[in-house]
Amino acid sequence: MNTEVAQQDQTETTGELRCELSVAKNLFFGEIVEENLFPYPQMRERDREMLGMMTDAIDRFLSEKSEELVEMDRVGEQPEEFIQALREMGLFGLIIGESHGGLELSNAAYARVLAQTSSHDSSVSLTIGAHSSIGMKGILLFGTDEQKARYLPSLASGETIAAFCLTESGAGSDAAAVRCKATRQDDGSWLLNGEKIWITNGGIAGLYTVFARTDGPEGKLSAFIVEAGWEGVSHGPHEDKMGIRASSTTAVAFSDVRVPAENVLGEVGKGFKVAMAILNNGRTGLGGGAVGGMKALIKLATAQAKERKQFDTPIAEFGLVRPSTVSPPRARCGWSPTTSIQAARTTRWRPQSARSSPPMRSSVPPTRRCRSPLETAS
Ligand SMILES: Cc1cc2nc3c(=O)[nH]c(=O)nc-3n(C[C@H](O)[C@H](O)[C@H](O)COP(=O)(O)OP(=O)(O)OC[C@H]3O[C@@H](n4cnc5c(N)ncnc54)[C@H](O)[C@@H]3O)c2cc1C
């Protein structure tokens, strides 16, 4: 960190550090002294205001759709009019710059939006999250000015939805084992051949970020921007998953697809670096979504534990149920679902956002007593 930034952070957090409090000691008393743990960054006022409006709008819209969301999960599809409503709420342009028609939210604010959508339905988070976090993130990180001008406006409006194509049948955790191949043609373009699997938004995307080998089987990976409408691009049927069923997951195939030279993303031969940079950035959104989902589940579980009676007693009073819902001061070892969520929130909202500029601030109050879910659910 350079001196100027360090001084700026110091100024912004002056008066907020609570030096008299021990973080570790307070954890055992159910207090998380957030300001001491993560004194920076601070969320921009603009982001905070926009976030407030967005989360309210998301809650209103998705609450009204709660029954339809269950049906979408059952049939495994989000209807076009539903996706259109997500477009109109600006949910496809969350992290794209204002100059290209997006909302230009910070990483922290973006993760918070995904937490809100996940508290209603995780498939919604996947549709908008796979688009932003991984599908088109490469253009933001590595795109040329020309690529940004050409693609970002329609990605921001959601007219074009993006997907990230790395995984193959033989390349999962070992992402570098990609066999999909791109062969350079005399005119400088590339001929792309291969098949990707498990691609989120595969069936609804208009643009794919595709990773392929560029110089023989032992060669290096390169990244390409591929339009779904090009000849030779096709996708397989919807994968019938156990959860997040409404999110589109398909195979995507490339058969002699001609990719123009100007659609190489980043440097030829540096595709693995591009892929890892995208995935590292994408974790912010995924973490935000997980926090939102956990919060919603704990709310449901604690409501049930309070209401459900056996032996004339709410089941929340019984030994095996109580530790999962009891507040930290009463729980042995200081663990509870709420402390886990708080830890996850803190790590999602803050450190990732530290990489963004300008500085941001968490909307979580400085010191929060971790209340028992039994209290929060009431
Ligand atoms: C719903 C869904 C959506 C997806 N969306 C996308 C997408 O949009 N784009 C995309 O490119 N991919 C996507 N994927 C693919 C995903 O990235 C892969 O599933 C993931 O990389 C793991 O690969 P795999 O499934 O082949 O598991 P494998 O690599 O076969 O791993 C199987 C198990 O072995 C373990 N394992 C593997 N290697 C090691 C090791 N060295 N040490 C210890 N344990 C190990 C793993 O942790 C795992 O438990 C999606 C997958 C799912 C399920």
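Residues are numbered from 1 along each chain as its sequence is written. In this predicted model, local features need pLDDT of at least 70, side-chain atom pairs count only at pLDDT 80 or more, and totals for chains, interfaces and linings use all residues.

The ligand has 13 residues around it, and L166, T167, G172, S173 and T200 come nearest (near: C-beta atom, placed from the backbone, within 6 Å). Strands β2 (162–165) and β4 (190–200) each give two or more residues to this shell (strands are DSSP E runs of at least two residues, helices H or I runs of at least four, numbered from the N terminus).

Strand β8 (residues 249–259) holds A251. A251 counts as buried because 20 C-beta neighbours lie inside 10 Å (buried: 20 or more other C-beta atoms within 10 Å; exposed: 12 or fewer; partly exposed: in between). Leaving aside neighbours within four places in sequence, the contacts of A251 include E195, K196, H235 and G236 (contact: C-beta atoms, placed from the backbone, within 7 Å).

Helices α4 (residues 45–64) and α7 (residues 107–118) have axes that come within 9 Å and cross at roughly 15 degrees (axes are lines fitted to C-alpha atoms over the stretch in contact, with angles from 0 to 180 degrees between N-to-C directions). The helices are therefore roughly parallel (under 35 degrees; over 145 is roughly antiparallel, 65 to 115 roughly perpendicular, the rest oblique).

| Helix | Residues in the α4–α7 contact |
|---|---|
| α4 | D47, L51, M54, T55, I58, D59, L62 |
| α7 | A109, R112, V113, Q116, T117 |

Methods: Two residues are in contact if their C-beta atoms, placed from the backbone, lie within 7 Å.
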